[in-house]
Structures are given as C-alpha cells and as structure tokens.
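Open the model in your viewer and follow the stops below in order. Each stop says what to select and what is there.

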Amino acid sequence: MLPFIITHTFLRKFLSEEVQLYSIYTFVALPIVVGYILINRNELQIGINYRFLAKIALITLGEVAIFIIFCIYVTDLSLIQSLLILFVVSIIYFSSLLIQRHFSTQQLYIVNQTKEKLEKERLEILQRITYDSYLSTLSNLINQFIQKTISLNGTLIIWKENHQSFILEQSGVFEHLSLKKYNQNQLKSTLHTITFGQKQYFSFPLKYKNIVNGWLIIGQKLNKEKFTPEDINKITILADTICEILKTTEILHGNQQRYIQLPSIKYDEYLNITLVQKVEEIRRNFALYLHDDILQSILAVKNMTESLVTPQKDTQQLIITTFQDLNKSIREKMFDIYPSTLSDLGLYQSISIMCEKLKREAVHQPHLKIRLEAEPLLEVDNKLQYTIFRTVKELLQNAIKHAQANEIRISLNMLNNRILIIDVIDDGKGFDIAADLEKNRYTNHIGLLTIKQEINDLQGEFTIKNNMESGTHIQIRIPMKGNE
C-alpha cells in the first residue's frame, strides 16, 4: 500500500494522474517481485497451491472492500484516508504478529534447551548409577577373590580418581576406617607397612603404567602366621591385576561420558541420529543371526542329507538342491539387509559386489554399464561404512529405475583433509526436482531427500548437478571423524 499512498499524498503534485492511477498495482506487483527475488536468492524449491492462494486472495479482497465501503459511506472518509487507516492498522497487526512470533521462537528455544539439558542430565545420572553399581559389584568380587587366594582378617582398597582418594572396598579390621581421620601421608608408591590402630599392615601400591592409582592394604592372616616371600609375591601380582581391572573400567567410563556430552547437537537431531544407529544395529544383528544360526543349520542339514545312504537318490538330490537354493537366497537377502562383507572385505569390495548384483537384476537394461572408480584399500571410518554403502546403493537404484541410464559411474576419493567425495554420474534422462514437486511427484525422490537429511546430520554436503540433456551428477562430501 505504501507506494500508492505516497503517490496520492506527498508526491501528487509532482506525478501525473496516470502514474498515480497505476500505482495501485503495487498492491500485487511489489510482493510478487520481492518474493521472486528472495526465492531465487535462497535457491528455494516451492510448490504452489493455487486453490488455497485464490481463496486467501478473495477473503482478503473482500475484507478490504468491506472496510473501504464502511469508511467512505458511513464515516464520510475519502479513499486515500481509508487506505491510510487500513495501512496503519495492517502495520500494527503485522507488528504484533512479529512480536508474538519472536516471543514464541524464544520460548521454543528455551524449551529445546531445557529438553537437551534434561536429557543430558538423565543420561549422566543413569551412567553414574550404572558406573557406581558396577564398581560396587566389582569391588565385592575382588574382595572374594582375595579371600580365596589368602585368608585375611580384613582388606582395604583405596582408589584415586580426579585427584581425589576414596575407599572402594573395606572389610574386617578396616571396616570402620575413615580417610578423613587417617593420615594419608603414610601411603607410599612402593610396598611398605602402615600403622592403623597401633598395628602394622602391608600396603601394596596399585600401579598402571608406572602411575600409582590407589593402594591395597591387607590385614593379618587368620591363622596368625607371618607372611612369607611367596605370599608377598602372590599379593603383588594380585594387586597389579586389581589395578588393571579398575583402571580399564575407569577409562571405559570416561570414554562413555565423552559420547554422552552433545553440546553441538540439537535434541531432535540427537534422537534422529540415535534412531538411524538403532536401525543399523538391528539390521546388523539380524544379518548375523541369519549367518550364524539359520545358514549354519541349513548347511548342517544339507551335509547330513548328503551323507545319508538311501536308494531314493532323486529325492535326496532334490532336498540337497533345495537347501543350496535356500542358502543362496538367504545370502542374497543378507546382503540387502546388511552386507557382512563390509567387515570382511572392506567398502570397495562390498560396493563392487553390490554393483554386479544390481547389474544382474536389471534384466530390462541388458546393455547397462556400472563403473566403480576408487582405491581398493580406501580407508573409511568404521561407523560410516554402512552409511556410505547404503547411500551409494540408493543412488544406483534411483539411476537404474528412474533415469533409464546406459552407463553409471561411481567415484570415491579421499581428500588430504580426510573428506570423502562421492560422485554418482549417469547418462540418463535427468529430472527436475522443482518441477516434480510442483506436480506432486515428490514420492519419486523420497530416497534422495532421506539421503540429503542423513548427510546433513553428518555435517556433510549433498549437491545435485542436474542436466536435462546429459543425465544427472550427484556429489556428496562427508568429513571423516576418525574411529576413536
């Protein structure tokens, strides 16, 4: 409205009546031009619901017409005054909407932050409880192990964690010992004796990689005998074993805590990534179940059938052939669910096998060529191997099914900065996602949209370099995080 109002107020003395008259078209032209510029600048893909837009336009024009008629014929205002009032009311209305949206966005951000914080705290509490329970159980087992090795009237295990010492296990004569009341300066980095309750006891340092992580203090023998050099040697070996078990537990817990902290991942993205990982784990476990249980049972029954001595040779051969076909069918299905070759042969060989399999299955395209260009010893993070394999498979299937290509080239290259470049190029008929979305054919590209979302979750890039005349070029860039 602003250009129309300005031309009829401040600029009416400088502009002709014709210009003033045509300024009314800015009601429609200006929003369309600005919207078009913003769409192109942000490379947005849009689908237009013309029926919905027409309905909204009719309602808006009807409300504006009623308001102007009311202003002109009831309040005796001019057309310009009516439009000016409508403009001011619109500004106030949309300003209130913007303010409301701002507060809603802030509130949503606070809610998301709270959800992330609560989820993080829940995981930390759960892990802390699990870790403490595990340490408690482990210390009880260690105490039983010591008592079975040599009968003592008490044991005490002091452990250091985060530069603080605490009692991990105490029994017998040490049951009421408190570190706050005890002089810890007696604890040394070598085998020595300490005084407790006017009696002396042996203290064995718990060392891991020549660093003292705690102490094992033993009571006296129940039979009142003195410790022999053999007993001392035995307990020294026992102390080293105890330290290695406890330190390994501490390291594992520390690594687990690192993965709990997700400061850069939103709560919804965290759930999405967790869901993908769960699905991959289910696929892997099911494939292993088929391989380790079902296939082994089938092969065992097949071998038993082959070893049978029976006059019914035809029936025996039929059963053996059936088992062979079943074995082949299950192995192919296993490869579709989760390729076990990833751990045995690596990514390159697995993709190569998959290319040959898809080529055989494309019976309607006998002249189809699939070329794989990659280093046979390409090193990819273990956690990303299946994701990359599934991505390449989805792109290949899409090119075979929709592009009707005669030749497809897959290229995998690792840059020096550990970024994997995946190129899938075909010479098919190509496609236009924007046009397909406008015609509600988005179901043809669900696979591509899913891949794009998953690559975004991995902080990667997904690009479609489309050419309607010479096929499609899809490029994916995935940063490697490392297997640690």
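Is Lys 357 buried or exposed? Lys 357 counts as buried, because its relative accessibility is 10%; buried means under 20% relative accessible area, exposed over 50%, and partly exposed in between, with a 1.4 Å probe and protein chains only.

Before moving on, note that this is a predicted model, in which local features need pLDDT of at least 70 and side-chain atom pairs count only at pLDDT 80 or more, while totals for chains, interfaces and linings use all residues. Residues are numbered from 1 along each chain as its sequence is written, and side-chain values use heavy atoms, with hydrogens and water left out.

**Stop 1**

Helices here are DSSP runs of H or I with at least four residues, strands are runs of E with at least two, and both are numbered from the N terminus. Glu 361 is partly exposed, because its relative accessibility is 46%.

**Stop 2: two helices**

Now show H10 (residues 347-361) together with H11 (residues 382-403). Their axes come within 11 Å and cross at roughly 25°; the axes are lines fitted to C-alpha atoms over the stretch in contact, and angles run from 0 to 180 degrees between N-to-C directions. H10 and H11 are therefore roughly parallel, a label for angles under 35 degrees.

**Stop 3: a charged network**

Select Arg 371, Glu 373, Glu 407 and Arg 409, which are linked in a network of salt bridges. Arg 371 pairs with Glu 373, the closest N and O atoms being 3.0 Å apart. Arg 371 also pairs with Glu 407, where the closest N and O atoms are 2.8 Å apart. Arg 371 lies in strand S6 (residues 369-373) and Glu 407 in strand S7 (residues 407-414), so this pair ties together parts 36 residues apart in sequence. Arg 371 is partly exposed, with 39% relative accessibility, and Glu 407 is partly exposed at 29%. The whole structure holds seven salt bridges.

**Stop 4: a residue in H4**

Finally, select Leu 53 in helix H4 (residues 50-73). Leu 53 counts as partly exposed, because its relative accessibility is 47%.

Definitions and conventions
Angles under 35 degrees count as roughly parallel, over 145 as roughly antiparallel, 65 to 115 as roughly perpendicular and the rest as oblique. A salt bridge is a side-chain nitrogen of Lys or Arg within 4 Å of a carboxyl oxygen of Asp or Glu.
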